[in-house]
Amino acid sequence: MGYTQWVQNHAEKHKKIVEKLLAQNYTKEQIIDYFDFENMKVKEEDFCPLYAKDKKCHDMEKLNCYLCSCPNFRFNDEGIKKIDERTQFSYCNIDSKDGREGVYGDKIHQDCSRCSVPHHVEYVKKHFDLKWSNIMHDCAL
Ligand code: SF4
């Protein structure tokens, strides 16, 4: 599955959960709390494949899943540009100090495995929108 397809699928999953919570009159703060990893792995086990393994994507005590993926991620499944003999498919728009360039054969992808930026509650609050796809609007190039 390409990243574009993943984004479309994820937007639908995200939307269904938010709509369910809104129907129960959840506030913004309650919705954000609901997306805490510890709650999501129990209540929304299909949202992320890591829940079944009780495994976090990042090593942090309190991880929030509302902004999976990340608003700073930029990608194009067809490739963004050539860098020497390789093709770059994604990068970090804020050049996070914890992000890295991952080289996989002739492909370059942004490696976010050491960056926890979008998973902090304060970051989620700052960038919050009930519609996840609005927050991710600039990601697809
Ligand atoms: S490196 Fe961090 S800030 Fe940049 S796209 Fe990845 S998760 Fe987001």
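Two strands count as paired if DSSP finds at least two bridges between them, and the strands themselves, like the helices, are DSSP runs numbered from the N terminus (E, at least two residues, for strands; H or I, at least four residues, for helices). On that basis, strand 5 and strand 6 form a hairpin with 2 residues between them, and Gly105 in its turn has a positive phi of about 65 degrees. The model is predicted, so that local features need pLDDT of at least 70 and side-chain atom pairs count only at pLDDT 80 or more, while totals for chains, interfaces and linings use all residues. Residues are numbered from 1 along each chain as its sequence is written.

- An open sheet is formed by 4 strands in the order 2-3-6-5, with mixed pairing; its edge strands, each pairing on one side only, are strand 2 (81-83) and strand 5 (100-104).
- Neighbouring strands of this sheet are turned by 40 degrees against each other on average, direction ignored, where the axes are lines fitted to C-alpha atoms.
- Strand 5 and strand 6 (residues 107-111) run antiparallel and are joined by 5 bridges; Gly102 has His109 as its bridge partner in strand 6, and Val103 stands opposite Ile108.
- Strand 3 (residues 86-88) and strand 6 run parallel and are joined by 2 bridges, with Thr87 standing opposite Lys107.

**Ligand shell**

- The residues surrounding the ligand include Cys70, Asn72, Phe73, Cys92, Cys112, Cys115 and Pro118.
- By class, this shell has 8 nonpolar, 4 polar and no charged residues, where Ala, Val, Leu, Ile, Met, Phe, Trp, Tyr, Cys and Pro count as nonpolar, Asp, Glu, Lys and Arg as charged, and the others, Gly among them, as polar.
- Pro118, found in the loop between strand 6 and helix 4 (121-126), counts as buried because it has 22 C-beta neighbours inside 10 Å, the cut-offs being 20 or more for buried, 12 or fewer for exposed, and partly exposed in between, with C-beta atoms placed from the backbone.
- The C-alpha atoms of Pro118 and Asn72 are separated by 8.6 Å, although the two residues are 46 apart along the chain.

Notes: Near = placed C-beta within 6 Å. Axes fitted to C-alpha atoms, helices over the stretch in contact; angles between N-to-C directions.
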